[in-house]
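Here are my notes on the pockets and ligands, in the order I would go through them on screen. Have the model open while you read.

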Amino acid sequence: MTQVDVLLGLQWGDEGKGKIVDVLSPQYDLIARFQGGPNAGHTLEFDGKKFVLNTIPSGIFNEKTMNLIGNGVVIDPIILKRELDNLKKAGHDPVANGKLVIARKAHLILPTHQLLDAANEQKMGKDKIGSTLKGIGPTYMDKTGRNGLRIGDTTLPDFKDRYNKLVEKHKEILSHYEFEYDLTEKEAAFFEAIEFIKTIPHVDSEHYVNGFLKEGKTVLAEGAQGTLLDVDFGSYPFVTSSNTTTAGACTGLGIAPNKIGHVYGIFKAYCTRVGGGPFPTELDDEVGENLRQVGHEFGATTGRARRCGWIDIPALKYAIMLNGVTELIMMKADVLDGFDTIYACTHYEHNGETIDYMPYDIISVKPTPVLKAIEGWKTDVTKVTKVEEIPANLNAYIAFLEKELEVPVKFLSVGPDRVQTLELN
Ligand code: GDP
Ligand code: IMO
Ligand code: MG
């Protein structure tokens, strides 16, 4: 029997998961998203084309790979339909090709879930989470509150009644906010999209994935967001509403913990965060602006400017521990090409102590990062195709991180395109 490999982000999202899942997908029979929803924006580039996927797994461009949207994902039918329409226009039709299946138990994002997200964020004012406003939080609240609607419910004769019942509940909550809305257009689009989504095969992801494993087939679980946005272990309340960690792959697909194989932890050679919340190594200066411009650090889903800073080793150690990472993948090394000196945060000064973990009171008492200077490589690495061509100072940076993190770096990414990826020895 085979096991499920997992690929997930170790920082605050946008590490480059989409790119690497696409690169690895030829090695897998199935790619499965296990949590999150269209708050994700996973970018892939190949043959001069660029795609951003929100709900669809990033194995969709590989002809032989099946793709599953797992039970732990929350689905906005309007966005999923739009994604599929756009893919079709670009000559990729996973529905016609039979390459996409959806879990019956995945929950539906209703237009009113988005309204609740927006009303809540508006009320929070300057303390807002900085949500993508896709309705993620309210949908997971209805899931755990046992009110939610699932993909499988769309085929029931009383689906419309169930929908109306939940919407009434939402309208009642919305009446407590000073929040104007008009549902008509969104509702029409929702029901049109529901009809379309009924044409995609619905499966029980627990049986589907375990069936693949029984047949000796290979499966890769694709994470969304990042470990530091995990609802249990992230910088709460500035988190998303799902478990973004390896454990989330078990509950989000229906696989037992002993079925987990390799865990690929992906991180940027520096660090970014979009939305509110603590970010100890943030650079609120021209160096941060430089990282943002060179790294094109603007959100794939919302277009918002991403906050930028140096790599944070205590945060990475924490993420590696939580996920059981077996191999690391370092992204966007090329963004640091122009720097004379780069910095890595090795510890925090916090409440008069030097610590190497993320403290509980990280939100109320900002830790001061202890930075180690590292000599830059001052070389354009975007055209590096062989391991022997990697500049010595970049190799030294990787070796330093491997020593600190006690996990090997298996892949190095030196540009957004599929081909700008090196497998290290
Ligand atoms: P994801 O959410 O983890 O899939 O990451 P995003 O797609 O939101 O953000 C990663 C961004 O970095 C995208 O614009 C990618 O095209 C880009 N990217 C990925 N790897 C590299 C790399 O090695 N170098 C550069 N310069 N850009 C990269
Ligand atoms: P990918 O998969 C980066 C952030 C939001 C906000 C917080 C809560 O592309 O890496 P939510 O919409 O879940 O209510 O937002 O989480 N966030 C992300 N940041 N990448 C993502 O996904 C994110 N998904 C959510 O900015 O701070
Ligand atoms: Mg993203």
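1. Ground rules. This is a predicted model, in which local features need pLDDT of at least 70 and side-chain atom pairs count only at pLDDT 80 or more, while totals for chains, interfaces and linings use all residues. Residues are numbered from 1 along each chain as its sequence is written, chains are lettered from A and ligands numbered from 1 in the order in which they are written, and side-chain values use heavy atoms, with hydrogens and water left out.

2. Helices (H or I, at least four residues) and strands (E, at least two) are DSSP runs, numbered from the N terminus.

3. Polar contacts of ligand 1. I use the term for a pair of N or O atoms within 3.5 Å; within protein, one must be able to donate a hydrogen and the other to accept it, and residues adjacent in sequence count only if both atoms are side-chain atoms. A polar side-chain atom of D334 is 2.7 Å from a nitrogen atom of ligand 1. On its own, ligand 1 has 590 Å² of accessible area, and the protein covers 94% of that (Shrake-Rupley method, 1.4 Å probe; for residues, only the protein chains shown count as cover).

4. The pocket of ligand 1. Ligand 1 sits in the second largest pocket, where sitting in a cavity or pocket takes more than half of a molecule's atoms within 2 Å of its grid points. The search uses a 1 Å grid over the protein atoms alone: a cavity is a set of points where a 1.4 Å probe fits but cannot get out, a pocket is an open set with protein on both sides within 12 Å along at least five of seven lines, and lining residues have an atom within 4 Å of a point. This pocket's volume is about 610 Å³. Its lining has 27 residues, with T43, E45, G295, K332 and P416 closest to the centre. Strand 3 provides the largest share of that lining, 4 residues. By class, the lining has 8 nonpolar, 10 polar and 9 charged residues.

5. Ligand 2 and the largest pocket. Ligand 2 sits in the largest pocket, which holds about 910 Å³ of space. Of its 45 lining residues, I129, S131, V239, T240 and S241 lie nearest the centre. Helix 3 (111-124), helix 4 (136-144) and helix 5 (159-174) each give at least two residues to the lining, and helix 3 gives the most, with 6.

6. Contacts of ligand 2. Of the 20 residues around this ligand, D14, K17, H42, T132 and T240 come nearest. The shell has 7 nonpolar, 10 polar and 3 charged residues. Oxygen atoms of ligand 2 lie 2.9 Å from an N or O atom in the side chain of N39, 2.9 Å from a polar side-chain atom of R304 and 3.0 Å from a polar backbone atom of V274. Taken alone, ligand 2 exposes 550 Å², of which the protein buries 97%.

7. Most residues other than glycine have a negative phi, and most peptide bonds are trans. D14 has a positive phi, near 60°, and belongs to the loop between strand 1 (4-9) and helix 1. Y236 and P237 are joined by a cis peptide bond, with omega about 5°; P237 is in the loop between strand 10 (219-222) and helix 8 (246-253).

Notes. Points joined across faces, edges and corners; volume = space filled by probe spheres on them. Nonpolar A, V, L, I, M, F, W, Y, C, P; charged D, E, K, R; others polar. Near = heavy atom within 4 Å.
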